[in-house]
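This report describes selected features of one protein chain.

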Amino acid sequence: KNGVTAVTFSIEVEYALASATYLTYRGQQPSTYQIQADTQQIVTESCTWLCRNALDPTTTRGTSTFRGDAVTFGTPTTVTATGYSVFDSSNCVPFVISGTAEIAGPNYVNSFSIQLENNLRAQNAVGSLGAVGVGAGRVNITGNLNTYFGDTSELTKLTSNTATAFAVGFEDASFNKGLIYDMPKIKYSGGQPDVTGIDTDIFLDLSFQALRDLSNGRDYTLLI
């Protein structure tokens, strides 16, 4: 969701050497994010972080006060991996929606992805090994939709420069957890039907740009 408050994290990594060794990375902010779903594959996520600075390796865990930086935080805790199953594209994607309707036959979805770029930048200065700050840029949300080319309903939105909505849902097999990615206003920015050869299916590969939506009391570009 569109926001103006920067949230930073400190991430402490433990290495199981002869003596447990800890590296602490401070001032972490999420820089890029992507979620990708391909036919009959595990749904994947990736996130990159921009780090302001880091501490020297140590054999003791961090505390709430660190030298060389005004930022303070509580004692780190170990994050335990959850026991939930991962999402797969065959059983865990209940819907992909374009406009107000679910994308279905004859335009079956082959793959889709969503990318978020925060356009952060490290602010470096003489006399400082790490960055003195992190500059914020404009958030940019893009994506890709690849479907069987069964009719021209999605292609027409590209050629006519018509805004539409895009939403996808995820849920695990036990219905213990789920996510909805809602973009109420996007425009297709490029794409065409791909004919790769004889005896092959024709796919429509579309890229899109998410736009800020202010209609019906909304004010967001992407809502998760």
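Glutamine 36 lies in strand 2; helices (H or I, at least four residues) and strands (E, at least two) are DSSP runs, numbered from the N terminus. With a relative accessible area of 19%, glutamine 36 is buried, where buried means under 20% relative accessible area, exposed over 50%, and partly exposed in between (1.4 Å probe, protein chains only). The side chain of glutamine 36 makes a polar contact of 3.0 Å with that of aspartate 38. A polar contact is a pair of N or O atoms within 3.5 Å; within protein, one must be able to donate a hydrogen and the other to accept it, and residues adjacent in sequence count only if both atoms are side-chain atoms. Once neighbours within four places in sequence are set aside, glutamine 36 is in contact (heavy atoms within 4.5 Å) with Ile42, Val43, Thr44, Ser111, Phe112 and Ser113.

## Basis of the description

The model is predicted: local features need pLDDT of at least 70 and side-chain atom pairs count only at pLDDT 80 or more, whereas totals for chains, interfaces and linings use all residues. Residues are numbered from 1 along each chain as its sequence is written, and side-chain values use heavy atoms, with hydrogens and water left out.

## Nonpolar core

A nonpolar core is a set of buried Ala, Val, Leu, Ile, Met, Phe, Trp, Tyr and Cys residues joined through side-chain atoms within 4.5 Å. The largest such core has 27 residues, of which Phe112, Phe166, Val168, Phe170, Tyr181 and Met183 touch the most other members. At least two residues of this core come from each of strand 2 (21–38), strand 7 (109–117), strand 10 (140–148), helix 1 (153–159), strand 11 (164–171), strand 12 (178–194) and strand 13 (203–210). Valine 168 touches Phe95, Val96, Phe112, Ile114, Leu179, Ile180 and Tyr181, residues up to four places away in sequence not being counted.

Leucine 158 is part of helix 1 and counts as buried, at 18% relative accessibility. Its contacts beyond four places in sequence are Tyr188, Ser189, Gly190, Gly191 and Leu206.

## Aromatic pairs

The structure holds six aromatic pairs. Rings of Phe, Tyr and Trp (its six-membered ring) pair if their centres lie within 6.5 Å; planes under 30 degrees apart count as stacked, over 60 as edge-to-face and the rest as tilted. One of the pairs, phenylalanine 9 with tryptophan 49, is edge-to-face, at 5.5 Å centre to centre and 90 degrees between the planes. This pair links distant parts of the chain, since phenylalanine 9 is in strand 1 (residues 9–15) and tryptophan 49 is in strand 3 (residues 44–50), 40 residues apart. Phenylalanine 9 is partly exposed at 39% relative accessibility, and tryptophan 49 is partly exposed at 38%.

Tyrosine 148 and phenylalanine 203 form a tilted pair, 4.5 Å centre to centre with 45 degrees between the planes. Here too distant parts of the chain are linked: tyrosine 148 belongs to strand 10 and phenylalanine 203 to strand 13, 55 residues apart. Phe87, Phe112, Phe170 and Tyr181 form one aromatic cluster. The charged end of lysine 177 sits over the ring of phenylalanine 87, 4.0 Å from its centre; this requires NZ of Lys or CZ of Arg within 6 Å of the ring centre and within 35 degrees of the ring normal.

## Cysteines

A search of the whole structure finds zero disulfides, a disulfide being a pair of cysteine sulfur atoms within 2.5 Å. The sulfur of cysteine 47 has its closest cysteine sulfur in cysteine 51, 13 Å away, and therefore too far for a bond. Cysteine 47 is partly exposed, with a relative accessible area of 37%, and cysteine 51 is partly exposed, with 26%.

## Loops and backbone geometry

Glycine 105 and proline 106 are joined by a cis peptide bond with omega of about 10 degrees. Proline 106 lies in the loop between strand 6 (101–102) and strand 7.

Glutamine 40, which is not a glycine, has a positive phi near 55 degrees. Glutamine 40 is located in the loop between strand 2 and strand 3 and is exposed, with a relative accessible area of 65%. Asparagine 161 has a positive phi of about 55 degrees; its place is in the loop between helix 1 and strand 11, where asparagine 161 is partly exposed at 46%.
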